[in-house]
Amino acid sequence: MAQSVLLTGAAGRVGDAILGDLAAEYEWRLMDRDPPTEDYPGEFVVADITDDDAVREAMDGIDAVIHLAGDPRKTAPWDSVLTNNIDGTQTIFEAAVDAGVEKFAFASSNHAVGHYETEDRTPDMYRADDDYLLDGTELPRPGNLYGVSKAAGESLGRYYHDEYGIAVVNVRIGNLTKGHPPIDYERGQAMWLSYRDCAHLFDRCVKADYDYEIVYGISDNDRKYYSLERAKDVLGYEPQDNSAHHD
Ligand SMILES: NC(=O)C1=CN([C@@H]2O[C@H](COP(=O)(O)OP(=O)(O)OC[C@H]3O[C@@H](n4cnc5c(N)ncnc54)[C@H](O)[C@@H]3O)[C@@H](O)[C@H]2O)C=CC1
Ligand SMILES: O=C1O[C@H](COP(=O)(O)O)[C@@H](O)[C@H](O)[C@H]1O
């Protein structure tokens, strides 16, 4: 029988990429505070992730969680990231361990490590002939309060894994753009994540075996400054796209 997967933030862009390729792959339970405006595979729960009762009900019978819901703006103010990204993520983790969920994939962000992009490294580090590489073993170095909230989500995952044994993978997503890499934006081209690579990566997050991981979620871009080795080795990620192959 297919695994039951709870996908939070299902109505957003990353959810669109995942469901675009994986609609038939799992028994989906979808959650978003925005009501559905189109047909979705599986049951759609309209709820806020800070609503403990609704989250616990949605977690019943779930094998794996892909947690996307949150405020994705790099300019998001503290009150929003505190509520949506930190409190909401803690509510999802707590319900997940209580329900016996086995795997948890968390949508972290490049902005959790944004301040590695120092003035003396940029823009060279965005270019193919530069060998600067972050590999996920480095400490968080957030570039904004949104990035702080993503580092906090990774830390919540560390705690819930160590305390309760739930398998956790944090995917530091780059720049998801549909169809083609960002245009006239070197940083975006370095961290482009295509829709099909995004769906494949989260599929591997549900299927692979791991304990606690931090991986980068980008396509195999020539310009990359994020290593894909951990995602490849641990998850079996095999990206197909590369921003260099687009004009
Ligand atoms: N799109 C990208 O390139 C990147 C996205 N991410 C992360 O991936 C996740 C998804 O991002 P996108 O799909 O781009 O954003 P989005 O804004 O398109 O989708 C987020 C969805 O979450 C829902 N949501 C937000 N707060 C909620 C709450 N409190 N309760 C219930 N639902 C809530 C929204 O209604 C929305 O449908 C976010 O956590 C974001 O920080 C990280 C790095 C890059
Ligand atoms: O975390 C996120 O990162 C992407 C890429 O960042 P950007 O600074 O290159 O725009 C961003 O597009 C997305 O909205 C955000 O959630």
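**Rings, a ligand and a buried tyrosine**

Arg141 lies over the face of Tyr116, 5.1 Å from the ring centre. A charge sits over a ring here if NZ of Lys or CZ of Arg is within 6 Å of the ring centre and within 35 degrees of the ring normal. This is a predicted model: local features need pLDDT of at least 70, side-chain atom pairs count only at pLDDT 80 or more, and totals for chains, interfaces and linings use all residues. Residues are numbered from 1 along each chain as its sequence is written, chains are lettered from A and ligands numbered from 1 in the order in which they are written, and side-chain values use heavy atoms, leaving out hydrogens and water.

Start with the annotated region. The unreviewed UniProt entry gives residues 5-176 as "domain: NAD-dependent epimerase/dehydratase". UniProt positions follow the numbering used here, feature names are shortened, and annotations may be inferred rather than shown by experiment. The span 5-176 is 34% helix and 20% strand, and its end C-alpha atoms lie 22 Å apart. Helices (H or I, at least four residues) and strands (E, at least two) are DSSP runs, numbered from the N terminus.

The unreviewed UniProt entry also lists Tyr146 under "active site". Where does Tyr146 sit? Tyr146 is found in helix H4, residues 145-164. Is Tyr146 buried or exposed? Tyr146 counts as buried because its relative accessibility is 8%. Buried means under 20% relative accessible area, exposed over 50%, and partly exposed in between (1.4 Å probe, protein chains only). Neighbours within four places in sequence aside, Tyr146 is in contact with Asp71, Pro72, Arg73, Lys74, Val81, Asn85, Ser109 and His111. Contact means heavy atoms within 4.5 Å.

Ligand 1 has 25 residues around it, and Arg13, Asp32, Leu68, Tyr146 and Lys150 come nearest. A residue is near a molecule if one of its heavy atoms lies within 4 Å of it. A polar backbone atom of Leu68 is 2.7 Å from an oxygen atom of ligand 1. For Lys150, a side-chain N or O atom is 2.8 Å from a ligand 1 oxygen. For Asp34, the corresponding side-chain distance is 3.3 Å.

Now the rings. How many aromatic pairs does the whole structure hold? A search finds 10. Rings of Phe, Tyr and Trp (its six-membered ring) pair if their centres lie within 6.5 Å; planes under 30 degrees apart count as stacked, over 60 as edge-to-face and the rest as tilted. Tyr26 and Trp28 pair edge-to-face, at 5.5 Å centre to centre and 85 degrees between the planes. Tyr26 is buried at 7%, and Trp28 is buried at 5%. Tyr216 and Tyr226 are stacked, at 4.2 Å centre to centre and 5 degrees between the planes. Tyr216 lies in strand E9 (212-217) and Tyr226 in the loop between E9 and helix H7 (229-235), so the pair ties together parts 10 residues apart in sequence. Tyr216 is buried at 1%, and Tyr226 is buried at 0%. Ring pairs also link Phe93, Phe104, Tyr159, Tyr160 and Tyr164 into a cluster.

Ser227 is in the loop between E9 and H7. Ser227 is buried at 10%. Its side chain reaches the backbone nitrogen of Glu229 at 3.1 Å. Not counting residues up to four places away in sequence, Ser227 touches Leu133, Leu134, Asp135 and Tyr216.

Definitions and conventions: A polar contact is a pair of N or O atoms within 3.5 Å; within protein, one must be able to donate a hydrogen and the other to accept it, and residues adjacent in sequence count only if both atoms are side-chain atoms.
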